[in-house]
Amino acid sequence: MNPLCGRCNQVVYPTEKVNCLDKYWHKGCFSCEVCKMTLNMKNYKGFEKRPYCNAHYPKTNFTCVADTPENLRLKQQTKMQSQVHYREDFEKNKGKGFSVVADTPEMQRIKKTQDQISNIKYHEDFEKNKGKGFSVVADTPEMQRI
């Protein structure tokens, strides 16, 4: 059984068949949707499974993007990371010292852990030297004089 033409819906016989854009066409029916110029496999452009010539191929237009909260956040973040603003802030704050890093819960946890490790090390050394008395200082001429 022979397929139907994509334009005229008549039977397409094998001798006049053009298979393109998931449809079968008569050679004469395979033409531009706008100007009806006869097309071939080398000069057609398909858009939404319809054939067009190069001059009448629909142009894709950009759509407006609304300022969603996410887009506003990205815009602000990009602005903050801009090299121009970074350099400007750097020049303003040059020579004013260091900025204080906020105590985040993670920073507080790290500081507490470091204090505990330091305390443990100190007490280990203290316990090792406990009961040994004073350390002996070498007799220097100055110490002998005293």
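Reader: Thanks! How many salt bridges does a search of the whole structure find?
Author: The search finds five salt bridges, each being a side-chain nitrogen of Lys or Arg within 4 Å of a carboxyl oxygen of Asp or Glu. Bear in mind that this is a predicted model, where local features need pLDDT of at least 70 and side-chain atom pairs count only at pLDDT 80 or more, while totals for chains, interfaces and linings use all residues. Residues are numbered from 1 along each chain as its sequence is written, and side-chain values use heavy atoms, with hydrogens and water left out.

Reader: Good to know. Which residue forms a salt bridge with Asp22?
Author: That is Lys49, and the closest N and O atoms of the pair are 2.8 Å apart. Asp22 sits in the loop between β1 and β2 and Lys49 in the loop between β3 (45-47) and β4 (50-52), so the bridge ties together parts 27 residues apart in sequence.

Reader: What about Glu33, which side chain does it meet in a salt bridge?
Author: Glu33 meets Arg50, at 3.3 Å from N to O. Glu33 lies in the loop between β2 and β3 and Arg50 in strand β4, so this pair links parts 17 residues apart in sequence. Glu33 is partly exposed at 21% relative accessibility, and Arg50 is partly exposed at 25%.

Reader: Where do Arg109 and Glu106 lie?
Author: Both are in helix α3 (residues 105-129), three residues apart, which is about one turn of the helix. Arg109 has a relative accessible area of 46% and Glu106 one of 42%. Elsewhere, salt bridges that share partners join Arg7, Glu33 and Arg50 into one network.

Reader: New topic: which residues does His26 touch?
Author: Leaving out residues up to four places away in sequence, His26 touches Cys5, Cys8, Gln10, Val11, Val12 and Glu16. Contact means heavy atoms within 4.5 Å. His26 belongs to strand β2 (residues 23-26) and is buried, with a relative accessible area of 10%.

Reader: You listed Val11. Where is its place?
Author: Val11 is in the segment before β1 (17-20), and it is partly exposed at 32% relative accessible area. Together with Leu4 and Tyr13, Val11 forms a nonpolar surface patch with about 270 Å² of accessible area. Such patches take residues with over 30% relative accessible area and no salt bridge, joining nonpolar side chains (Val, Leu, Ile, Met, Phe, Trp, Tyr) within 5 Å and like charges within 9 Å.

Reader: Zooming out, what pattern does the protein chain follow along the sequence?
Author: The pattern is β-β-β-β-α-α-α-α, with four helices and four strands. Of its 146 residues, 10% count as buried. The chain exposes about 13200 Å², and carbon and sulfur atoms supply 56% of that. Accessible areas come from the Shrake-Rupley method with a 1.4 Å probe, and for residues only the protein chains shown count as cover.

Methods:
Helix = DSSP H or I, 4+ residues; strand = E, 2+ residues; numbered from the N terminus. Buried < 20%, exposed > 50% of the residue type's maximum accessible area, 1.4 Å probe, protein only.
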